[in-house]
Protein chains: 2
Amino acid sequence: MNEFELIERIFRTLQAESPSAGIEKAIGDDAAVMSLPAGARLVSCIDTLVQGRHFGADWSQVKELAFQIGYKAVAVNVSDIAAMGATPHSILLALALPERLANEPWLSDFAKGLFHACQQFGVTLIGGDTTRSDTLVLSVSAQGLLAADTKAIYRSGAQVGDKVYVSGTLGDAAYALKHTNNETGQQLAHRLHMPTPRIQLGAALTKTGANSMIDISDGLYQDLAHICQQSGVTMRIDIEKLPTSEPLLQADEAERLLCQLAGGDDYELAFTMPADIAPPFEHTTNTPVTCIGEVAATDSARPQPQLFYNGLAVTAAHPAPFSSLPSFTGYQHFIG
Amino acid sequence: MNEFELIERIFRTLQAESPSAGIEKAIGDDAAVMSLPAGARLVSCIDTLVQGRHFGADWSQVKELAFQIGYKAVAVNVSDIAAMGATPHSILLALALPERLANEPWLSDFAKGLFHACQQFGVTLIGGDTTRSDTLVLSVSAQGLLAADTKAIYRSGAQVGDKVYVSGTLGDAAYALKHTNNETGQQLAHRLHMPTPRIQLGAALTKTGANSMIDISDGLYQDLAHICQQSGVTMRIDIEKLPTSEPLLQADEAERLLCQLAGGDDYELAFTMPADIAPPFEHTTNTPVTCIGEVAATDSARPQPQLFYNGLAVTAAHPAPFSSLPSFTGYQHFIG
């Protein structure tokens with residue numbers, strides 16, 4: 001059995017356990033064919049994980065993390081669908097596979113992680129492509145649905161006076177990536193390797209009147225800057241309000257704040273809503289939500305977040321970690 | 001300007017020239033949002049090009065072929081959509097980009113090739129993702145549409161008595177890949193680098209009653225074997241009927257036949273139709289079509305094509321090139 005047959009066998013076996021409503025043809029032909037519910041609009045994205053960027057280059061780590069890599073490739077794409085307020089529907093996988101991973105144990109663990117994520121998030125694997133490569137590169141394309149009468153939530157809708165919210169806690173993944181050997185890093189490793197896309201919250205926000213939304217994949221500061229740029233506004237962000245997990249409270253404060261502001265891979269949702277609307281309650285979406293600031297003013301010349309720490313504006317003259325932020329250094333993609 | 005801003009600027013400029021009917025949100029948010037025509041079914045696929053597999057590993061060649069690489073990444077996916085009988089609609093691009101290609105000249109040429117293909121094939125780039133990588137890896141996911149009353153053409157529908165057809169000519173791309181320095185290879189280079197997906201033919205075949213179809217990306221023999229396996233049939237293929245381009249007639253016959261039977265990257269369509277139905281005329285689809293054999297028998301134990309040369313069955317005992325075929329050697333992915 002060659003590797004292509006091996007992959008086909010592993011995926012077919014796991015596929016049989018997955019649901020597939022409305023899907024006329026999934027894996028095994030030139031393309032997948034599916035019927036969508038009447039009036040549904042299609043939401044599509046693509047996202048890539050590269051060895052040495054989104055997980056270590058080290059082969060022993062790549063082998064150990066097969067399940068998590070499969071899971072995460074799905075989760076990061078589902079997070080993009082959730083950030084539009086849409087319901088995830090299906091995914092396609094492009095697997096550029098190094099020879100040393102083309103074996104039954106690795107592929108089987110990888111596929112188990114991928115299908116575990118599919119089941120968790122209600123998506124069906126409908127197609128894929130395998131090629132040989134020197135490094136592991138995984139691209140997943142995800143498809144979601146929006147009902148005809150549901151407004152998608154874009155980055156461009158933030159309004160002056162909106163409150164700015166984030167889901168969950170921030171900085172966990174970035175800290176875990178840097179500290180694989182200390183206890184706090186190990187406690188947070190699941191946040192790096194198995195992030196939770198906020199599907200229910202994203203969908204609930206289409207009904208409660210959120211004006212803008214993004215998922216935090218490149219770091220809070222940079223992702224809020226995308227909302228500011230596309231909405232032509234500034235934000236006031238109160239750093240002391242950033243939600244912090246119990247383990248991360250043990251970390252050095254300067255490092256913690258840098259992880260929270262500029263670290264990537266959180267896959268939490270950042271969104272803005274009119275001040276007179278309450279965000280969805282935690283018990284309806286199973287997701288904690290924290291207000292961290294507000295949309296301050298219309299500004300097309302310098303549309304970016306402005307950071308405040310205990311009431312004082314943070315500037316480039318401030319010491320680290322603030323002086324290390326992308327707004328002051330121009331350094332993007334701090335991590336990942 | 002960093003590379004992410006550079007990519008955004010280049011793509012935005014070219015994007016503005018593209019059509020985008022029904023697309024509510026394309027590039028620039030977490031995902032794209034689009035309305036589909038009432039009743040349309042969605043057809044989706046993903047396909048990857050890897051440096052050193054689908055084009056040379058050599059950096060000078062990768063730099064020279066920027067336009068063609070952009071074009072081909074779109075064309076190979078559009079070909080998969082065409083092979084279902086569907087109409088291409090939109091694409092997403094995942095670009096894993098080496099640092100040495102993250103410059104304006106390369107990205108600009110690449111984007112021009114990509115948008116040229118988009119215009120040729122009537123698709124809109126609706127989203128993408130850029131990551132850093134050591135080798136160039138391009139994944140494109142394509143979406144197509146099928147009207148509610150149009151039957152998709154699968155690999156699994158071949159019926160005993162069907163004639164077997166292929167479009168265009170075979171073997172040109174594989175020959176060009178191996179012979180970059182001889183005249184014939186150079187005459188055929190455009191077939192390797194800028195393949196023509198057979199969109200009109202694919203769509204016409206949904207109306208004329210084709211029973212099965214596949215696009216030839218891995219080589220005629222292997223791709224016909226996919227139809228045989230999924231349909232549970234055998235085929236008789238008459239090798240002397242394989243359509244051959246004028247330049248390829250100049251090549252050594254044994255090598256030519258191997259390119260035609262086992263070479264990849266043709267992106268022609270292979271399909272089967274009842275013997276009493278005439279294939280679409282060339283002047284309606286702008287695509288020549290050649291009958292190369294027939295579906296011979298139902299056979300679930302050994303469902304594969306059987307080759308005949310001037311009326312005699314080809315077996316493993318035959319000399320090269322036939323003894324080199326995947327059916328006899330088990331060697332898949334001869335090229336690419």
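How many bridges join strand S3 of chain A to S2(B), and do the strands run parallel or antiparallel? There are three bridges, and the strands run antiparallel. Strand S3 of chain A covers residues 41-50. Take one pair as an example. Val43(A) has Val33(B) as its bridge partner in S2(B). Keep in mind that this is a predicted model.

Now the whole contact between the chains. On chain B, 49 residues are in contact with 49 residues of chain A. Several elements give two or more residues to chain B's side, including strand S2 (32-34), strand S3 (41-50), helix H3 (66-82) and strand S8 (212-215) of chain B. Which element gives the most? That is S3(B), with nine residues. What about residue classes? Chain B's side has 23 nonpolar, 13 polar and 13 charged residues.

Next, the core. In soluble globular proteins, nonpolar side chains tend to be buried together. Here, the largest nonpolar core has 209 residues. Which residues have the most contacts inside it? They are Val74(A) and Val74(B). Look at Val74(A). Set aside its neighbours within four places in sequence. Val74(A) is then in contact with Ile91(A), Leu114(A), Ala117(A), Cys118(A), Phe121(A), Val123(A) and Val140(A).

Last stop: helix H10 of chain B, residues 253-262. Is this helix mostly covered or mostly open? Mostly covered: seven of its 10 residues are buried. The buried ones run from Arg256(B), Leu257(B) and Leu258(B) through Cys259(B) and Gln260(B) to Leu261(B) and Ala262(B).

Terms used: Residues are numbered from 1 along each chain as its sequence is written. Chains are lettered from A and ligands numbered from 1 in the order in which they are written. This is a predicted model: local features need pLDDT of at least 70, side-chain atom pairs count only at pLDDT 80 or more; totals for chains, interfaces and linings use all residues. A residue is buried if 20 or more other C-beta atoms lie within 10 Å of its own, exposed if 12 or fewer, and partly exposed in between; C-beta atoms are placed from the backbone. Helices (H or I, at least four residues) and strands (E, at least two) are DSSP runs, numbered from the N terminus. Two residues are in contact if their C-beta atoms, placed from the backbone, lie within 7 Å. Ala, Val, Leu, Ile, Met, Phe, Trp, Tyr, Cys and Pro count as nonpolar, Asp, Glu, Lys and Arg as charged, and the others, Gly among them, as polar. Two strands pair if DSSP finds at least two bridges between them. A nonpolar core is a set of buried Ala, Val, Leu, Ile, Met, Phe, Trp, Tyr and Cys residues joined through C-beta atoms within 7 Å.
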